[in-house]
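Please read the following report alongside the sequence and the coordinates. It goes from the ligand site to the overall fold, and then to individual residues.

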Amino acid sequence: MNATTAKAAEKAVKKAASAKTAGVKTAAAKVSPAKTSPVRKTAVTPPGGESPTALVRRARRINRELAEVYPYAHPELDFENPFQLLVATVLSAQTTDLRVNQTTPALFAGYPTPEDLAAANPEVIEEILRPCGFFRAKTRSVIGLSEALVENFGGEVPGRLEDLVTLPGVGRKTAFVVLGNAFGRPGITVDTHFQRLVRRWQWTAETDPDKIEAAVGALFPKSDWTDLSHHVIWHGRRICHARKPACGACPIAPLCPAYGEGETDPEKAKKLLKYEKGGFPGQRLKPPQSYLDAGGRPAPPLGAA
Ligand code: SF4
């Protein structure tokens, strides 16, 4: 890879990493949940003549409906601590969460801490990360962020947005994934699915991710932000696809102004649904105990009934 290509790849990795999905339940709450992530507030102007109150009601109803459809929605990356989630989220750029989950066990077995990864031989890490694609750029990112964690944060993942975004390969959206799921701090993850769906639902007409984050944040209490992100992203991955949304099989069709943008025939729409890919639930290979039912079985995947 020449210098220009490498630079472009690194840029793509950083951009896509920060656009990746949201998280699970809290894994390691080191920061008080009472402290919230700094999300800019903005006044909401509903499109299409809907009153602000009606928009809030419809938005919250959609979130409630999606919570019933995806009761186990969570980040689909396996992780056991904030460092693992941070690295896994960076690795998830331009690949599937399942691929990352298949790769990270070997990485974390050999390099469990930022100190270990900061001191690693890049060529060895490249070989481990090869299946994830962009493996040279991703190697630079994970070693670079590990070095920064050691040098600037005592080897600990910081629990503040402004600190996280100083790490190599970590953007605002990646930071919110980590804050929301490893620190229990509410955050809205505006990835590509989130942007597409909230515009289809006419929650906002904004196109800038930061403005979308602010507009949607104003529709919900902060305590809903992290789970809302999971619900929206899961719906985008499974039903409301970019090119062929399965409107005829969509549980929130009556609430959606974009109904009809995709296939409305129920039988044809069913064939468009995308189900779980790897472990249970979702793409995780090691679901935390909290996602298992009383009998120790995974929650049933979407469409299993
Ligand atoms: S009705 Fe269609 S466009 Fe609307 S949320 Fe469902 S799948 Fe997406």
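A residue is taken to be near a molecule or strand if one of its heavy atoms lies within 4 Å of it. On that criterion 13 residues surround the ligand, and the closest are Trp201, Cys240, Cys247, Cys250 and Cys256. This is a predicted model, in which local features need pLDDT of at least 70 and side-chain atom pairs count only at pLDDT 80 or more, while totals for chains, interfaces and linings use all residues. Residues are numbered from 1 along each chain as its sequence is written, and side-chain values use heavy atoms, with hydrogens and water left out.

**Ligand site**

The shell around the ligand divides into 11 nonpolar residues, 1 polar residue and 1 charged residue, where Ala, Val, Leu, Ile, Met, Phe, Trp, Tyr, Cys and Pro count as nonpolar, Asp, Glu, Lys and Arg as charged, and the others, Gly among them, as polar. The ligand sits in the largest cavity. A cavity here is a set of points, on a 1 Å grid over the protein atoms alone, where a 1.4 Å probe fits but cannot get out, and a molecule sits in it if more than half of its atoms lie within 2 Å of its grid points. Cys256, one of the closest residues to the ligand, has a relative accessible area of 16% and is therefore buried, a class that means under 20% relative accessible area, with exposed over 50% and partly exposed in between (1.4 Å probe, protein chains only). The structure holds 0 disulfides, a disulfide being a pair of cysteine sulfur atoms within 2.5 Å.

**Overall fold**

The secondary structure of the protein comes to 13 helices and 0 strands, both taken as DSSP runs numbered from the N terminus (helices: H or I, at least four residues; strands: E, at least two). Of the 305 residues of the protein, 52% count as buried. Where contact means heavy atoms within 4.5 Å, 70% of the contacts between residues at least 6 apart in sequence join residues at least 24 apart.

**Buried leucines and their surroundings**

Leu91 belongs to helix α3 and counts as buried because its relative accessibility is 0%. Apart from neighbours within four places in sequence, Leu91 is in contact with Val100, Thr104, Leu107, Leu129, Cys132, Lys138 and Val142; of these partners, Cys132 is itself buried, with a relative accessible area of 2%. The C-alpha atoms of Leu91 and Ser141 are separated by 8.8 Å, although these residues are 50 residues apart along the chain.

Leu167, by contrast in location, is found in the loop between α8 (161-164) and α9 (172-182), and a relative accessible area of 1% makes this residue buried. Not counting residues up to four places away in sequence, Leu167 touches Leu86, Leu145, Ala148, Leu149 and Phe153. Between Leu167 and Asn152, which are 15 residues apart along the chain, the C-alpha separation is 9.6 Å.

**Two glutamines with positive phi**

Gln94 has a positive phi although it is not a glycine, and Gln202 likewise has a positive phi without being a glycine.

Conventions:
On a 1 Å grid over the protein atoms alone, a cavity is a set of points where a 1.4 Å probe fits but cannot get out, and a pocket is an open set with protein on both sides within 12 Å along at least five of seven lines; lining residues have an atom within 4 Å of a point.
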